[in-house]
Amino acid sequence: MKTTYSTRKTATDTASVETVNETGTHHRESIMTPVKKEARRPQKQTKAIVAVVGLGYVGLPLAIAADAYGYDVIGFDIDPAKISKLAARDVDFLSEEESAAFDDSLLRITANEAVLREADIAIICVPTPVSNDHTPDLVPLRSASVLVGRNLKKGALVVVESTVNPGACEAVAIPVIESVSGFTAGRDFFFAHCPERINPGDGFYNVENIPRVVGGIDDESAERAETFYRSIMSADVMRMNGIKEAEAVKMVENSFRDINIAFVNELAMAFSKAGIDIVNVIHGAETKPFGFMPHYPGCGVGGHCIPVDPYYLITYGRENGFTHRLLMTARNINNGMPHHTVGIAAKALREKGKKMRGARIALLGLAYKRDIGDMRESPALVIRDELAARGATVRSFDPYVPKESTVESIEDALSGADALVIATDHSMFRGISPSLLLKHGVSVVVDGRNCLSKALFESEGIWYRGIGR
Ligand code: SAJ
């Protein structure tokens, strides 16, 4: 492993270590000068004071990264309960490295908005969900903009990281900040958009090594934002032509993903009627070294990004007199996958001479994604609720969401069950064996994440259906 040292200009003259492994893959790790934590920070506030507003999946890792690079960081959240949990370092979504850096950090965690008045840079990292009718919900962004505007220091830089449709920063965040502060953007304060790109549960990509894009209300704003992000990251920062382009980038990258997932979900439903295994077909298509990017069918699309962002574009298009037929079709296909999965379970029970009403179903997985405990927009919850609505008794287990689980183990869920439905491909579930099911007399598996071996379970006489296989 070849190691080269280079001193990259950073907030604290941190040396960075460029390692190139056997396969030529470059990994750059920044190493802090090995000094005591207290001595690490400049004696006087020579570094900008950074306030991060919203300490969730996006804001907390950002605050930790800025602190690690020597900024004086204020972590602000409106939720006092979250503040006390963070003060006790009681967080369950940080990686090991982030947790260690958090423990070492000098982060000032507060719910006192007056502290924001110190900030030279204020970064808004609040959720931008959709309402039940799929319309964008910009209330958190509006509220955060009021908070920042009420406590804005003249000459400060405001950055919005929250994912929004093109035009939202100029239609909501900037006007609110201006009206509350009495300042004018571009004159009295700087403004930029740098959309977040956190990938929850990812053991490799993090704030430091995911490239970003940034767009400013003017060049000076964009320059300041780009300088800040470059000072806390090893990855590149691309300057867009203005705020709208930066907003559009995030919408495009996540809508791209939703459309491609819908594509393979539709193929899964079509090909299963022809007895074609779509997952094998996708693996076959992957052998093409260019022009193809694999996505995989499943029981639905969850999370705070992929099933949400397209609705921001759909609404924005409608406001501009355009109908996003493709985005809407993709959303409808993906929203239909939990129902499709329940339909497979109902078919299985019928073939076993049983009805859904009164059936006992073991549901493994409640989170929207492997090996994390986030249930936002989770298809597993839609499956759970539809099974119950159709009269089944559901025993659910998710090791990452114990409080929402009705039982405490896989075996408790399987005990006396007529069928097993897997809705999240947690690593723990991938090891389930046919013998475990047979031990509990379970002879039906509906594998909503195609995470078990069809051939293995069928060889043991278990009725197996995946999504598209
Ligand atoms: N899913 C499929 N088939 C696929 C991929 C995902 O059904 O081929 C489902 C997942 O089970 C999940 C949902 O879609 O329910 C979303 O999965 P995701 O892997 O996209 O996970 P997210 O929501 O955490 O997406 C994040 C996104 N990051 C940001 O928006 C900042 C997304 O842009 C990333 O592409 C994604 O992580 C990632 O790369 O894993």
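This is a predicted model: local features need pLDDT of at least 70, side-chain atom pairs count only at pLDDT 80 or more; totals for chains, interfaces and linings use all residues.
I get 19 residues surrounding the ligand, counting any residue with a heavy atom within 4 Å of it. N199, N254, R257, Y296 and Y368 are the closest. I then sorted the shell by residue class: eight are nonpolar, five polar and six charged.

Then I went through contacts to ligand oxygens. For R257, a polar side-chain atom is 2.6 Å from an oxygen atom of the ligand. Y368 uses its backbone instead: an N or O atom there lies 2.7 Å from a ligand oxygen atom. From the side chain of K369, I find an N or O atom 3.0 Å from an oxygen atom of the ligand. How much of the ligand does the protein bury? On its own the ligand exposes 730 Å², and the protein buries 83% of that.

Last, the domains. The assignment for the chain lists domain 1 as 12–252 and domain 2 as 275–466. I checked the contact between them, and 19 residues from domain 1 and 15 residues from domain 2 take part. Their centres, taken over C-alpha atoms, are 34 Å apart.

Back to the ligand with that in hand: why do I say it lies between the domains? Domain 1 and domain 2 both give residues to the shell around the ligand, so I place it between them.

Terms used: Residues are numbered from 1 along each chain as its sequence is written. Side-chain values use heavy atoms; hydrogens and water are left out. A polar contact is a pair of N or O atoms within 3.5 Å; within protein, one must be able to donate a hydrogen and the other to accept it, and residues adjacent in sequence count only if both atoms are side-chain atoms. Accessible areas come from the Shrake-Rupley method with a 1.4 Å probe; for residues, only the protein chains shown count as cover. Ala, Val, Leu, Ile, Met, Phe, Trp, Tyr, Cys and Pro count as nonpolar, Asp, Glu, Lys and Arg as charged, and the others, Gly among them, as polar. Domain bounds come from an automatic or database domain assignment. Contact means heavy atoms within 4.5 Å.
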